[in-house]
Structures are given as C-alpha cells and as structure tokens.
Amino acid sequence: MESAEGDTVLVGLGANLGDAAAALRTAAARLTELGGGPRRVRASSLWRSEPVDCPPGSPSFLNAAVAFPAPRGITPEALLGILKDLERHHGRRRDGVRNAPRTLDLDLLAFGPLRRDTAELVLPHPRATARAFVLAPCAEVAPDFPWPGTEGTVAGLLAALPAPLGVERVGPLRPDVP
C-alpha cells in the first residue's frame with residue numbers, strides 16, 4: 001500500500017553533542033518549512049533521555065518529534081535524503097561506531113501507513129515502539145496515529161512500555177510554543 005499526500009509523517013530528532021537544543025530547533029524549523037509551515041506542522045517538547053545502546057560514557061540526549069502531512073510529490077526515500085543532508089549540515093559524522101554520540105540524528109519514523117524494508121529504509125522505524133525517547137515526543141504531536149504493523153496508536157504503545165520510562169520533558173522545542 002502506498003502513502004497518500006497528506007498522510008502523517010513522523011520524524012524523530014535527537015542530539016547529544018554540542019548545542020543539542022539549537023540543533024534540534026534548527027532541524028525542526030527546516031522540517032516546518034518542508035511540511036508546509038507552522039500551521040500544518042506539530043513539534044513536540046524537548047525531552048531528555050539517557051543513551052540507549054550507545055558506547056559507554058555517552059552523554060544524555062535531547063529528543064523531540066515533528067509531525068506533518070506528507071508533502072506533495074515527495075517519497076519516503078527523498079525525505080530520508082533530506083534528513084541525511086540536514087544531519088551532515090549539522091556536522092554529523094558516521095565513523096562506523098554504532099549509536100555513537102552525535103550532533104544531530106533525524107529518523108524517519110513513519111510515513112503514513114507505508115511499510116518499507118530495503119537496505120536504504122525500513123518503515124516504520126523498527127525499534128521506535130520499544131523506545132520511550134521516541135514515543136513520548138511522538139505522543140505529544142500524534143497520540144492517535146495508528147502505528148503501521150501494530151494494533152496500537154502512539155499513545156497506546158507508550159502506555160504499554162514498562163516503567164520507569166527514563167525520559168523527562170525539559171521544555172519547548174520551539175521558543176514560540178509553550
């Protein structure tokens with residue numbers, strides 16, 4: 001099944017090097033432009049989380065999520081390319097160390113109901129439903145989004161995670177939104 005224009009796109013944002021909050025805000029602003037402007041794009045709060053599956057000594061992360069209607073004429077693969085370009089623009093280096101600290105990490109979490117499993121892209125994101133640092137920000141912007149391949153919504157999947165969640169809301173992503 002293919003996604004249609006207007007289907008919800010969910011992007012996860014994270015950073016744990018440099019000015020992480022500034023990097024997330026800049027990326028969210030770019031995604032807001034891509035998604036059709038502030039009236040069409042929903043941005044979560046900033047959330048702090050401890051690193052998961054990262055090298056020892058990795059600093060805490062700031063995380064957020066952005067939801068917007070799928071733009072006309074853009075494929076998930078094209079959007080992934082835009083996300084990777086944004087990461088590079090912010091100094092993201094891929095040195096072969098899995099889950100190494102990073103200046104910016106942008107994950108295409110879901111693109112409407114679309115499912116993909118290629119070398120380049122897996123949709124929905126394969127580990128998102130087990131991670132509170134992904135689901136908590138997503139629940140702010142798209143709580144009723146039906147997670148592809150499950151019977152649950154984002155809010156329901158978050159509620160089903162075992163406590164403690166290990167995430168803490170720390171403030172607004174966009175300074176203009178409380």
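This note comments on the predicted model point by point, from the overall fold to single residues.

1. Basis of the model. The structure is predicted; local features need pLDDT of at least 70, side-chain atom pairs count only at pLDDT 80 or more, and totals for chains, interfaces and linings use all residues. Residues are numbered from 1 along each chain as its sequence is written, and side-chain values use heavy atoms, with hydrogens and water left out.

2. Overall architecture. The chain contains 4 helices and 8 strands. Here helices (H or I, at least four residues) and strands (E, at least two) are DSSP runs, numbered from the N terminus. Read from the N terminus, the order of the elements is β-α-β-β-β-α-β-β-β-α-α-β.

3. Burial and surface. Of the 178 residues in the chain, 49% are buried. Buried means under 20% relative accessible area, exposed means over 50%, and partly exposed lies in between (1.4 Å probe, protein chains only). The chain exposes about 8,900 Å², and carbon and sulfur atoms supply 53% of that area. Accessible areas come from the Shrake-Rupley method with a 1.4 Å probe; for residues, only the protein chains shown count as cover.

4. Contacts along the sequence. A contact means heavy atoms within 4.5 Å. Among the contacts in the chain with a separation of 6 or more, 69% are between residues 24 or more positions apart.

5. Helix 1. The 15 residues of helix 1 (residues 20–34) should span 21 Å at 1.5 Å a residue, and the end C-alpha atoms are 21 Å apart, which agrees. The expected span is 1.5 Å times one less than the number of residues. The buried residues of helix 1 include Ala20, Leu24, Ala28 and Leu31. Their cover includes strand 1 (8–15), strand 3 (45–49), strand 4 (61–69), helix 2 (76–89) and strand 5 (105–111). Gly36 follows helix 1 and has a positive phi, near 105 degrees.

6. Helix 2. The buried residues of helix 2 are Pro76, Leu79, Leu80, Leu83, Leu86 and Glu87. Seen down the helix axis, these residues fall within an arc of 120 degrees, so they line one face of helix 2. The arc is that of the directions from the helix axis to the C-beta atoms. Among the elements that cover them are strand 1, helix 1, strand 6 (116–117) and strand 7 (122–123). Just after helix 2, Gly91 has a positive phi of about 85 degrees.

7. Nonpolar cores. A nonpolar core is a set of buried Ala, Val, Leu, Ile, Met, Phe, Trp, Tyr and Cys residues joined through side-chain atoms within 4.5 Å. The largest has 32 residues, and those with the most contacts inside it are Leu13, Leu79, Leu108 and Phe111. Strand 1, helix 1, strand 4, helix 2 and strand 5 each give two or more residues to this core. Helix 1 supplies the largest share, 8 residues. Apart from this core lies another, of 23 residues, among them Val141, Ala142, Leu158 and Leu161.

8. Helix 3 and an aromatic pair. In helix 3 (residues 132–141), 9 of the 10 residues are buried, so helix 3 is largely enclosed by the rest of the structure. Phe133, Leu135 and Cys138 are among these buried residues. A search of the whole structure finds 1 aromatic pair. The ring centres of Phe145 and Trp147 are 6.1 Å apart and the planes lie at 85 degrees, so the pair is edge-to-face. Rings of Phe, Tyr and Trp (its six-membered ring) pair if their centres lie within 6.5 Å; planes under 30 degrees apart count as stacked, over 60 as edge-to-face and the rest as tilted. Phe145 is buried at 8% relative accessibility, and Trp147 is buried at 2%.

9. Prolines. Two cis peptide bonds deserve attention: one joins Leu123 and Pro124, with omega about -10 degrees, and another runs from Ala163 to Pro164, with omega near -5 degrees. Most peptide bonds are trans. Pro124 lies in the loop between strand 7 and helix 3, whereas Pro164 lies in the loop between helix 4 (154–159) and strand 8. Pro71, in the loop between strand 4 and helix 2, is buried, with a relative accessible area of 18%. Pro172, in strand 8 (residues 167–172), is partly exposed at 30% relative accessibility.
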